[in-house]
Amino acid sequence: MVFQMIGVERMDKDRLLRTFLELVKINSETGYETTLHGVLKRMFHALDLTVQEDQAGHQLDTHVNNLIVSIPATAGYAWCEPICFTAHMDTVTPGAKVKPQIDEDGYIYSDGTTILGADDKAGLTAMIELVRILKEDQIAHGAIQLIITVQEEVGLQGAKALDPSLLNAEYGFTVDAHAAIGTTIVASPYQSEIEIVLYGSRTNTNHSSSHVSAITLLTQALRQLRSTTDDQSTIQISHFEGDSGTETLQDRVTLTITLHSFEKDLFDAQFNHIKETFQQIAHNYQTGVEVNVKQQLPGFNLQPPCKAITLAQASATALNLSATTTLTQDSSDGNILNELGIPTVILGVGYENIHTTAERISIESLYLLTRQLVEIVKLSRQSDNLI
């Protein structure tokens, strides 16, 4: 791989830190992104950028839409392939009234009563500072979009509601991985959450009645599922409850199965196998079963040559970071962008202990993440020479 590191950008580290601290103090728990939504719009408008909103709010029964911020190509660079960066506005709970604190170890924490919200306000901060640096240092670049979503933490609902007609990137980078700076996530599994309600069996004749409990039928089904799993797929029971129904003998069990697979064909085969196994058990014992998909998320598995992978690794190498690629069991907005036909990798952000009150991120990680985004933009001008 050959690449050229083009200059070193200036960065106002104090401004970078102030932006992050400002953002984490704004409550944006899922469903309560309105204030942050307005702040972000004002920030980007102040930078003379075009900010579009889709109609995600109507689909999600909320008043907040996704934001698509367009940074036009600088003069003479319209030939560059357009790229995008993505991050999300919302946080998990408890994320209201965050009081960030800077420790002597160089990390930023909350006061211990809330999360910090570095997931994903670190990503937002780096994207905002990216725009400032491009303008202040007059760095030439192609067209760039910043895609900022709502309701990511509850099944990527905002990204699912994105209007594809507003997107123009050829490839992209989701700034939202629970990994060290320089790490690139290149694969995430297809996932489905399947709720199954299985009823016990009762048969009556002129002389007797017999009963097979729902637990017995469930045991038979699970044995068949266990015998057919492969090394690319996992099946987990994430919820289980039962109703004995002793008076009517119409007992039932309800379980939620979570299916993961990195290969789409294997995922589809396993999903069909789960459904058919329970349906066959119910048929054999003349009882009932209900199989409902509660949530389904697309996966992706990018392979070289892929410009998003190449630029992510090259930018990490340029900053003397460990340019590792890996996969994740988690999902992000990048899953949806890949499904929309925009090859997108997930960049390590450097936050730690996310979704807990012990969440933290180092100031150095904020700095390096921002530098990596700038380096990706600069290297994108020579992307054809990197493959």
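Of the 80 residues in the largest nonpolar core, those touching the most other members are Phe20, Leu40, Phe44, Phe85, Phe173 and Ile361. Such a core is a set of buried Ala, Val, Leu, Ile, Met, Phe, Trp, Tyr and Cys residues joined through side-chain atoms within 4.5 Å. This is a predicted model, in which local features need pLDDT of at least 70 and side-chain atom pairs count only at pLDDT 80 or more, while totals for chains, interfaces and linings use all residues. Residues are numbered from 1 along each chain as its sequence is written, and side-chain values use heavy atoms, with hydrogens and water left out.

**Cores and burial**

- A second, separate core has 18 residues, among them Leu218, Leu259, Phe267 and Phe271.
- Ile361 is in contact (heavy atoms within 4.5 Å) with residues including Phe20, Tyr107, Ile108, Leu116, Val349 and Leu366, leaving aside neighbours within four places in sequence.
- Burial here means under 20% relative accessible area, exposed means over 50%, and partly exposed lies in between (1.4 Å probe, protein chains only).

**Helix α4**

- Helices (H or I, at least four residues) and strands (E, at least two) are DSSP runs, numbered from the N terminus.
- Helix α4 (residues 118–136) has 19 residues and spans 25 Å from first C-alpha to last, close to the 27 Å expected at 1.5 Å a residue; the expected span is 1.5 Å times one less than the number of residues.
- Because 17 of its 19 residues are buried, α4 is largely enclosed by the rest of the structure.

- The order β4-β5-β18 describes an open sheet of 3 strands with antiparallel pairing; two strands pair if DSSP finds at least two bridges between them.
- β4 (101–102) and β18 (360–362) stand at the edges with a single partner strand each, so one side of each is left without a neighbour in the sheet.
- β4 pairs with β5 (residues 107–109) over 2 bridges, and Ile102 stands opposite Ile108 in β5.
- Helix α1 (residues 13–24) packs on the sheet, touching β4, β5 and β18, and its direction makes about 20 degrees with that of β5.
- Helix α10 (residues 363–380) lies across β4, β5 and β18 at about 65 degrees to β18; axes are lines fitted to C-alpha atoms, for helices over the stretch in contact, and angles run from 0 to 180 degrees between N-to-C directions.

**Strand β2**

- Both faces of β2 are covered, with Leu67, Val69 and Ile71 buried on one side and Ile68 and Ser70 buried on the other.
- β2 runs antiparallel to β1 (residues 50–53), joined by 4 bridges, and Val51 stands opposite Val69.
- β2 also runs antiparallel to β6 (residues 144–149), joined by 5 bridges, where Leu67 has Ile148 as its bridge partner.

**Salt bridges**

- The structure holds 9 salt bridges, each a side-chain nitrogen of Lys or Arg within 4 Å of a carboxyl oxygen of Asp or Glu.
- Glu136 and Arg15 form one, with their closest N and O atoms 2.6 Å apart; Glu136 lies in α4 and Arg15 in α1, so the pair ties together parts that are 121 residues apart in sequence.
- Arg15, Glu129, Arg132 and Glu136 are linked in a network of salt bridges.
- Glu375 forms a salt bridge with Lys378, the closest N and O atoms being 3.5 Å apart; Glu375 is buried at 1% relative accessibility, and Lys378 is buried at 3%.
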